[in-house]
Amino acid sequence: MDIELLQGDITTRDVDAIVNAANSSLLGGGGVDGAIHRAAGGQLLEACRALRQTDYPEGLPVGQAVATDAFNLPARWVIHTVGPNALAGQTDPELLRQAFANSLAVAERIGAATIAFPAISAGVYGWDADDVARTAVQAVGNHPGTCLERVEFVLFSDRVARAFQAAFEELRG
Ligand code: AR6
């Protein structure tokens, strides 16, 4: 499995699945969530509303992941996950690991060969970029699946991009 670090806007990525750092409501928000909903168009919100009416009436729990169509995006699917919110006291790295690992598991289930991740929880949810980078790298490194050929991390800011670079160098020794 190839792992790539890129800097830029995840909504432009022509991969099978992009991951959305959503909130439990699944009904949109700011940051990368807002960008994905704007670029995908209103049908994405309709698909998320449908999930709330069926599988997730209480919302998507922290650490879980679910896929929808990606509508107007170049990607085929959006995998919505909810990272822990450090500002609300959710500081257990296991929750963040689950958000990455369950997104990868959903990608395998739907047959995605390529996936792009943002730095889940490194924005509004207040996690330190180094902790997010380390957790992300470990989750991908320990992923047991066989379907995925390429994992991209698409990072918006210099600070977060540097954190991921450092985490990868650590992993590769
Ligand atoms: N492409 C790639 N990365 C982006 C983009 C983009 N277009 N836009 C922002 N980022 P955040 P969270 C980066 O706040 O911390 C939302 O309101 C951003 O710079 O989007 O998990 C949700 O609805 C940061 O490095 O997600 C939730 O309520 C990273 O993406 C809450 O924010 C994650 O920042 C989730 O907070």
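Residues are numbered from 1 along each chain as its sequence is written. Because the model is predicted, local features need pLDDT of at least 70 and side-chain atom pairs count only at pLDDT 80 or more, while totals for chains, interfaces and linings use all residues; side-chain values use heavy atoms, with hydrogens and water left out.

**Nonpolar cores**

A nonpolar core is here a set of buried Ala, Val, Leu, Ile, Met, Phe, Trp, Tyr and Cys residues joined through side-chain atoms within 4.5 Å. Buried means under 20% relative accessible area, exposed means over 50%, and partly exposed lies in between, with a 1.4 Å probe and protein chains only. The largest such core has 35 residues, and those with the most contacts inside it are Ile 79, Phe 100, Ile 115, Phe 117, Phe 153 and Phe 164. Two or more residues each come from strand E2 (17-22), strand E4 (77-82), helix H3 (93-110), strand E5 (114-117), helix H4 (129-141), strand E6 (150-155) and helix H5 (158-172). These elements are DSSP runs numbered from the N terminus, with helices (H or I) of at least four residues and strands (E) of at least two. The greatest contribution to this core is that of H4, with seven residues.

Contact means heavy atoms within 4.5 Å. Not counting residues up to four places away in sequence, Phe 100 touches Phe 117, Pro 118, Ile 120, Val 132, Ala 136, Ala 139 and Phe 153. Another core, of 19 residues, lies apart from the largest one; Ala 40, Tyr 56, Leu 60 and Val 78 are among its members.

**Strand E6 and its partners**

Strand E6 is largely enclosed by the rest of the structure, because five of its six residues are buried. Two strands pair if DSSP finds at least two bridges between them. E6 pairs with strand E1 (residues 2-7) in the parallel sense over six bridges, and four bridges join E6 to E5, also in parallel. Phe 153 in E6 stands opposite Leu 5 and opposite Phe 117.

E5, H4 and E6 make a right-handed β-α-β unit. Right-handed here means that, with the strands pointing away from the viewer, the path from the first strand over the helix to the second runs clockwise.

**Ligand surroundings**

There are 23 residues around the ligand, and Asn 23, Gly 30, Val 32, Asp 33 and Val 124 come nearest. A residue is counted as near if one of its heavy atoms lies within 4 Å.

| Residue | Atom of the residue | Distance to an oxygen atom of the ligand |
|---|---|---|
| Asn 23 | polar side-chain atom | 2.7 Å |
| Gly 30 | polar backbone atom | 2.7 Å |
| Ser 121 | backbone N or O atom | 2.8 Å |

Ser 121 is placed in the loop between E5 and H4. Its relative accessible area is 5%, so Ser 121 is buried. The phi angle of Ser 121 is near 75°, a positive value in a residue other than glycine.

**Other loop residues**

Asn 85 lies in the loop between E4 and H3 and, at 17% relative accessibility, counts as buried. Leaving aside neighbours within four places in sequence, Asn 85 is in contact with Gln 90, Val 124, Tyr 125 and Trp 127.

Val 62 belongs to the loop between helix H2 (42-53) and strand E3 (65-69). Val 62 counts as partly exposed, at 22% relative accessibility. With neighbours within four places in sequence left aside, its contacts are Ser 24, Val 82, Gly 83, Pro 84, Gln 90 and Leu 95. The C-alpha atoms of Val 62 and Asp 130 are separated by 20 Å, and these residues are 68 residues apart along the chain.

The loop between E3 and E4 holds Ala 70 and Phe 71. Ala 70 counts as buried, at 0% relative accessibility, whereas Phe 71 is partly exposed, with a relative accessible area of 28%. Beyond its neighbours within four places in sequence, Ala 70 is in contact with Ala 40, Ala 75, Arg 76, Trp 77 and Val 78. The C-alpha atoms of Ala 70 and Ala 39, 31 residues apart along the chain, are separated by 9.3 Å. Phe 71 has a phi near 50°, a positive value in a residue other than glycine.

Terms used:
A polar contact is a pair of N or O atoms within 3.5 Å; within protein, one must be able to donate a hydrogen and the other to accept it, and residues adjacent in sequence count only if both atoms are side-chain atoms.
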